[in-house]
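Please open the model in a viewer and keep the selection tool at hand.

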Amino acid sequence: MSLPFAVERLCQLARDAGQAAMPWWRQDPEVIIKTDDSPVTAADLAANQCILDGLQALTPDIPTLSEEAADVPLPQRRHWSRFWLIDPLDGTKEFIAGSDEFTVNIALIEDGQVRFGVVGVPARDTLYWGGAGLGSWRQQGNQAPEALHCRAPARPLRVVASRRHTSAEQEALLQRLRQAHAVELAGVGSSLKFCVLAEGAADLYPRFAPTSQWDTAAAQAVLEGAGGQVLDLHGQRFAYPHRTDWLNPYFIATGSPDPALRQLLLSEPT
């Protein structure tokens, strides 16, 4: 399966964008609150410009949609069969708080599905990349890349979740899980939650709280390349259709498939 770009150049672009953001890390950056109540800093904007310039040079025929440049009207976007979906700095609240759990996300969407993604973790000098049917890898610094594989279903069930976002529905699901399994819950920021599953360090990431398309696509590709799944609540592969807004429906990300666990997760609560 061929890709319309050089993977090495895309990975380097994610590294460069991360480095563009790092001068503001732990420097008490000025924070602007956008109309959707999400924060943005100069680091987000610097990483965004780096990615947009790099993709224009790498694939000038593929349009781009970024969290920080999302003002593309639906009548124009609906004709895109292929486009880049970008979050230049996912986990801005983690970045502002001085945590190292923020990421750079670059995903290729084709016909409403994510095909390939790169997730950079600048403060850890770590990069993840992959896609369904293509495999997934992690590279730390200048070390050789390592192939990633989700672990077989384990007990206790290790669940990752956001430290900052939850909902009554998500808490109810966790309670159902605890009634059926021993559960360990770990808080993880940004799109790293998917990557933790991809590298075999956790089993499940349920998300019954708001996310946007650019928050999830790149890391979904990494997880799927490692043998995991991201499903909507109808049990279908999580998709990225053109819509008037960017909000995702709820989803469940899992490592290696476990039919019994899948049935529990997707069943209606009683």
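Select Val31: this residue is partly exposed, at 35% relative accessible area (buried is under 20%, exposed over 50%, partly exposed in between, with a 1.4 Å probe and protein chains only). Val31 sits in the loop that joins helix H1 (7-21) to strand S1 (32-33) (DSSP runs numbered from the N terminus: helices are H or I of at least four residues, strands E of at least two). The model is predicted: local features need pLDDT of at least 70 and side-chain atom pairs pLDDT 80 or more, whereas totals for chains, interfaces and linings use all residues. Numbering runs from 1 along each chain as its sequence is written, and side-chain values use heavy atoms, without hydrogens and water.

Next, select the cysteines. The structure contains 0 disulfides (a disulfide is a pair of cysteine sulfur atoms within 2.5 Å). Cys11 is in none, and its nearest cysteine sulfur, in Cys195, is 12 Å away. Cys11 is buried, with a relative accessible area of 4%. Cys195 is buried as well, at 0%; its sulfur lies 11 Å from the closest cysteine sulfur, that of Cys150, which is too far for a bond.

Finally, display the largest pocket, which holds about 670 Å³ of space. Its lining comprises 32 residues, and those closest to the centre are Asp90, His165, Arg207, Pro210 and Asp215. Elements that contribute two or more residues to this lining include strand S4 (82-90), helix H4 (92-97) and helix H7 (213-225). A pocket is an open set of points on a 1 Å grid over the protein atoms alone, where a 1.4 Å probe fits, with protein on both sides within 12 Å along at least five of seven lines; lining residues have an atom within 4 Å of a point. Points are joined across faces, edges and corners, and the volume is the space filled by probe spheres set on them.
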